[in-house]
Amino acid sequence: MEWIEQTANQIIRDNTPVNVHVHPSAACPELRNATTRGLPDDHEGPVRVIEIPGIDRNMCCGTHVSNLSQVQVIKLFPETESMRGGTRLFFLAGDRVLKYLGKALDNERALTRMLSVGPDDHPSAVDRIQNSLKSVNKVTKSQLRELAQLEAYQLQSSCETKTYFYIHRENGDMDYMNALVNELSKQPRLVLVTVGPDKGPGQFLLFGDEKQVSQIGPKIAAVFEGKGGGKKGRYQGKANTLKTRSSAEDLLKEFTSMLVNES
């Protein structure tokens, strides 16, 4: 690709002309030298051939520059796309190269300010930040799992009058919800866990008796203006809003109280 780009730009710098030849009909012998897939069988009238001397001679009815120098420059992108019988290349030409370069320089200056290193050190600086973030995320997930175990222990230690469990944690995630539910899996109460901003979107997980979960799960999802699904006593989904958490808890409380009264 580097050779293609260098060769194309050298041809542009060489001020190579683009010649237009119009032949009266498809029967003209000069058309034998044109690179083409052929004309339709019912074609009538003149045939237009575009010639780049020493490079290409092709039938075309489109708009062309009169000289390749008008293209100014071509820049090939390293990304390619496989296609039947070949590879598709992506490129920019002319003013678009300058606009792209200007945007790239703006991004480079912004990264230099944010990373406090020169452009040559941007990749290594970002790599260090990513590794640090992975380490922090790993520790955070571990701490959330430990917190879930502690919260589950505390709930079970003071649950004599509870007909259900409801826990919300703003900075929790799916691992936290699963860890909490797993710790509470051996007790008989329904468990509802929500994570996310108090008044924003988030996630929810309902766990308990399979029949009870299938009855109340979709109703809780509706309160959260979300959708969910599941099986084997688990119903989870996305909550479009968690500002209705109190309504969801009231619904769960009413449902479990009704179950107690029926028993």
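G229 stands opposite Q236 in β10. The model is predicted: local features need pLDDT of at least 70, side-chain atom pairs count only at pLDDT 80 or more, and totals for chains, interfaces and linings use all residues. Residues are numbered from 1 along each chain as its sequence is written, and side-chain values use heavy atoms, leaving out hydrogens and water.

**Exercise 1.** Find which strands stand at the edges of the five-stranded sheet.

*Solution.* 
- Start with the order. The open sheet reads β6-β7-β8-β10-β9, with mixed pairing. Strands are DSSP runs of E, at least two residues; helices are runs of H or I, at least four. Two strands pair if DSSP finds at least two bridges between them.
- Go to the ends. β6 (164-169) and β9 (227-229) each have a single partner strand, so one side of each lacks a neighbour in the sheet.
- Check β9. Three bridges join β9 to β10 (residues 234-239), and the two run antiparallel.

**Exercise 2.** Find which strands helix α6 touches.

*Solution.* 
- Helix α6 (residues 245-262) packs on the sheet and touches β6, β7 (190-195) and β8 (202-207). Contact means heavy atoms within 4.5 Å.

**Exercise 3.** Describe the surroundings of H21.

*Solution.* 
- H21 lies in strand β1 (residues 19-23).
- H21 is partly exposed because its relative accessibility is 26%; buried means under 20%, exposed over 50%, partly exposed in between (1.4 Å probe, protein chains only).
- List its contacts. Not counting residues up to four places away in sequence, H21 touches V47, R48, V49, E51 and R57.

Terms used:
Axes are lines fitted to C-alpha atoms, for helices over the stretch in contact, and angles run from 0 to 180 degrees between N-to-C directions.
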